[in-house]
Every structure is written in structure tokens, then in C-alpha cells.
Amino acid sequence: VQLHGIRDAQAMGLEAVHQDLALAPQLSVVDNMFLGHELASRGLGIMSRREMTERAAHALAELSINLPSLTVAVRELSGGQRQAVAVARAVMWATTAILLRARSLNGLLLGEETAANLGVNVARERGIVTLLDNTWATPLCFPGIERGVDMTMIAATKYVGGHADVMLGAVSANEAKFGKLQRTSWDLGQFVSPDDCYLALR
């Protein structure tokens, strides 16, 4: 599989939630939900705002996300609300996998955590794999597997290795996905060398 850009990933049904940085702050909630996926009316090529608004409202309601307005600019929303919009957008368009990211030592903020948990639940119902980059929060602050995420990843180079002289990473999976993760690791020959283990453990 070769991905040359975000459009290639989206064409394969992959979506990512990178905090709220992928949102356009000056655009409305509806416009952000359909950014890159705009619906046009037949023949005229004009955006079908009514249908977009209805579908955005349904996607948000599915995750129990309540916003003051769908026409307000995203910059007017709180941080948790913006994150909720990002999660809802990913769930709305993903068909294969969703990549989430815990953004701080405190894990996800309360509003973000609620949206993420709901997004994970809906994704599971649709057969979509959820992955979490948990480098900053770590499993100590945000236990992703316990919260229903299929796979979590950390860059062990940072906390474990001291961000110094070792490149190291770790992936954990729930029981349903562990077998496939293990086979893939074996097939690719991905193992940690004894030297790297020593550097991480010292």
C-alpha cells in the first residue's frame, strides 16, 4: 500500500483526529464536517446546504454531541466542542480505520474524552478499527485499550528512552486485534535489538 497524501488515505476509508488542528476555524460546523466532501446539487453544481446540515446534525446526534449552532464558526466553540466536531467528522467518513491522538499528560479533556469514547463505540458497531497515538498521555493517564480502542501506540523514544540516544516504539492491541498485530510484526521482522532494550532499561 502506498499513500502519497491525505486524499489517498481518505479514499481507503482512513480518517484521523489530530486534536482540533484539522478544522478550519473560520468555517461553520457544517462546512468543517464536509470539508473536502462537499455535496453539490444535481445539475447546478451548487452546494446542497440543507442536505449537508441534516447529515451533520445526524452525525453529531449519533455521538450525543450537542452544540449551540451548526452555523457558528468553529473558532467560537470551546476546545472540547471543537474536538467533538473533529471526532464526529472522522466517524462520519471513515470506513476502515480512525487514528486518534491523546493530546496531553492529562489524556483527553472531559468533553474530548466523551466524544472520543462515543466515536470509538460507533466505530466498533460499524466494524471500523480505532487506533490511538498515546505517546503524550501514556496508558497511565489514558488507558486506551480499557476505553475500547483497538490498538494504542507510544513513541517509547520519549518517556521510556529519555528522548536521548535510542529509537523505540511500542504497539498494544486488544484481544481481538492482537493476533493480527503479532503476525504482522513477525512477517515484517520487527523486533527490538538487545542494545536498544539495554538503553531503554538503564
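This note sets out numbered points on the predicted model shown above.

1. Basis of the values. The model is predicted, so local features are taken at pLDDT of at least 70 and side-chain atom pairs at pLDDT 80 or more, while totals for chains, interfaces and linings use all residues. Residues are numbered from 1 along each chain as its sequence is written, and side-chain values use heavy atoms, with hydrogens and water left out.

2. Helix 4. Helices (DSSP runs of H or I, at least four residues) and strands (runs of E, at least two) are numbered from the N terminus. Helix 4 covers residues 79-93, and its end C-alpha atoms lie 22 Å apart. Burial is judged by relative accessible area (buried under 20%, exposed over 50%, partly exposed in between; 1.4 Å probe, protein chains only). Because 12 of its 15 residues are buried, helix 4 is largely enclosed by the rest of the structure. Among the buried residues are Gln83, Arg89 and Trp93.

3. Asparagine 32. This residue belongs to helix 2 (residues 29-33) and is buried, its relative accessible area being 0%. Its contacts (heavy atoms within 4.5 Å), leaving aside neighbours within four places in sequence, are Leu23, Ala24, Leu27, Val74 and Arg89. Arg89 is itself one of the buried residues of helix 4. Asparagine 32 and alanine 11 are separated by 21 residues in sequence and by 18 Å in space, C-alpha to C-alpha.

4. Positive phi angles. Two residues deserve a check of the backbone here. Serine 64, which is not a glycine, has a positive phi of about 60°; it sits in the loop between helix 3 (49-62) and helix 4 and counts as exposed at 53% relative accessibility. Threonine 138, also not a glycine, has a positive phi of about 65°. Threonine 138 is found in helix 6 (residues 138-141) and is buried, at 16%.

5. Asparagine 174. The loop between strand 5 (170-173) and helix 7 (175-188) holds asparagine 174. With a relative accessibility of 17%, asparagine 174 counts as buried. Residues up to four places away in sequence aside, asparagine 174 touches Ile145, Val149 and Asp150.

6. Cysteines. A disulfide is a covalent bond between the sulfur atoms of two cysteines. With a disulfide taken as a pair of cysteine sulfur atoms within 2.5 Å, the count is zero. Cysteine 141 is partly exposed at 39%, and cysteine 197 is partly exposed at 33%.

7. The largest pocket. On a 1 Å grid over the protein atoms alone, a pocket is an open set of points where a 1.4 Å probe fits, with protein on both sides within 12 Å along at least five of seven lines; lining residues have an atom within 4 Å of a point. The volume is the space filled by probe spheres set on the points, which are joined across faces, edges and corners. The largest pocket holds about 1,100 Å³. Its lining has 34 residues, of which Ala97, Leu99, Leu131, Met151 and Met153 are the closest to the centre. Elements giving two or more residues to this lining include helix 1 (6-11), strand 2 (97-101), strand 3 (129-133) and strand 4 (151-154). Helix 7 gives the most, with six residues.

8. Which classes make up the lining of the largest pocket? The residues divide into 21 nonpolar, eight polar and five charged, where Ala, Val, Leu, Ile, Met, Phe, Trp, Tyr, Cys and Pro count as nonpolar, Asp, Glu, Lys and Arg as charged, and the others, Gly among them, as polar.

How values were computed
The expected span of a helix is 1.5 Å times one less than its number of residues.
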